Amino acid sequence: MRFLVFGAGGAQGGVVARRLADEGYAVRGLSRAGAAPEGVEPFRADLGDAARVAEAFTGVTHASVVLPLEFEPGRVAAYVRHVVDAAKAAGVRRLVFCTGNRLPVDETGVAAFETRRAAARAMLESPVPSVVLCPPLYLENLAAPWVRDGLAAEGVLRYPVPAGVPVAWLSHADLAAATLAALTRDGLEGATLDLGGEPVTGPELAAAFGARYEGVDVDAFEAGLAAAAGARTAAGVASTYRWVADRGHDLYAAPSGGAERLGITVTSPAAWAAARPWVTA
Ligand SMILES: NC(=O)c1ccc[n+]([C@@H]2O[C@H](COP(=O)([O-])OP(=O)(O)OC[C@H]3O[C@@H](n4cnc5c(N)ncnc54)[C@H](OP(=O)(O)O)[C@@H]3O)[C@@H](O)[C@H]2O)c1
């Protein structure tokens, strides 16, 4: 088996590529800059370059796909087409697509959700045996400086989700375990699996850090993110939080049988926090 991991220089693709390499698999990691974890063969390609994406699939039997922080529908559709066409031509035996977020049941008009819904559909409807993984919010988001600073200085966990909204948080390590299982377990082709643990509200999450919780206004969150990641990316990310705050209170709480299907145990926020030296609770 040879694995191709998209976004291998990034947060999610990086942890997936590292986990597969640690398992002893041959792993090729795709990114534009050619960054990849140790033990992973780096491969430079832009998702917009169909020929180069096809080259990346040479000799590949299994692929893990996560899309970058790009939400323009035409561009994302081209990325997805290049991946599906190349996987099909290479005779890939299993494609695992991580949507990067849960998918609301009904169409939302929010590009950050709908581009991922269309991508999942394209993969599941292709002849390539595919599995779709839908994570909730990542615990690693809480390691961002603007969250950590509030925890350390004031004992306040600030996050752009209303306090009463339950979230089934997931760690990157558990995403990697889920992806490994989705790539290698029999009988999962065609499945769409929600990932996550036991949902917790904001105050319950904050308690795991010995802190109290404050919901952050989404406009303020977007302004802060724009300074770090640019206005376009910030608008795309903030649009999902805005939708959750306005009408998606159950998006991250839906029962998630995914972990059971994949045979993984999901780390609780308290266990995750306890393993972080910067958490002083
Ligand atoms: N649910 C959550 O809590 C949560 C949190 C964060 C992100 N997300 C979602 O997860 C997805 C990925 O996020 P991430 O945190 O892993 O992103 P990231 O850390 O920015 O990583 C993106 C990776 O993709 C590569 N990349 C970017 N543009 C590319 C292109 N055009 N062609 C080929 N490779 C490209 C990057 O490397 P190069 O720049 O070198 O190409 C990098 O390796 C996004 O869809 C995002 O919305 C969800």
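Colleague: Let's count a residue as near a molecule if its C-beta atom, placed from the backbone, lies within 6 Å of it. With that in place, which of the 24 residues around the ligand come nearest?

Modeller: Bearing in mind that this is a predicted model, the residues that come nearest to the ligand are Gly7, Gly10, Arg32, Ala33 and Gly100, out of the 24 around it.

Colleague: And which helix gives the most to that shell?

Modeller: That is helix 1, residues 11–22, which contributes three residues to the shell around the ligand.

Colleague: Over how many bridges do strands 4 and 5 pair?

Modeller: Strand 4 (residues 62–66) is joined to strand 5 (residues 94–98) by five bridges in the parallel sense, and within that pairing Ala63 has Leu95 of strand 5 as its bridge partner.

Colleague: At what angle do helix 4 and helix 9 cross?

Modeller: The axes of helix 4 (residues 111–125) and helix 9 (residues 231–247) cross at roughly 90° and come within 8 Å of each other, which means that helix 4 is roughly perpendicular to helix 9.

Colleague: Which residues make that contact?

Modeller: On the helix 4 side they are Ala111, Ala112 and Phe113, while helix 9 supplies Gly236, Val237, Ser239 and Thr240. By class, the residues of this contact are four nonpolar and three polar, with no charged ones.

Colleague: Last one: which residues does UniProt list for the NmrA-like domain?

Modeller: The UniProt entry, which is unreviewed, lists residues 4–212 under "domain: NmrA-like". In this predicted model, that span is 39% helix and 17% strand, and its end C-alpha atoms lie 42 Å apart.

Notes. Residues numbered from 1 in each chain as written. Predicted model: local features only at pLDDT ≥ 70, side-chain atom pairs only at ≥ 80, totals over all residues. Axes fitted to C-alpha atoms, helices over the stretch in contact; angles between N-to-C directions. Helix = DSSP H or I, 4+ residues; strand = E, 2+ residues; numbered from the N terminus. Parallel < 35°, antiparallel > 145°, perpendicular 65-115°, else oblique. Contact = placed C-beta atoms within 7 Å. Nonpolar A, V, L, I, M, F, W, Y, C, P; charged D, E, K, R; others polar. UniProt positions renumbered as here; feature names shortened; annotations may be inferred. Pairing = 2+ DSSP bridges.
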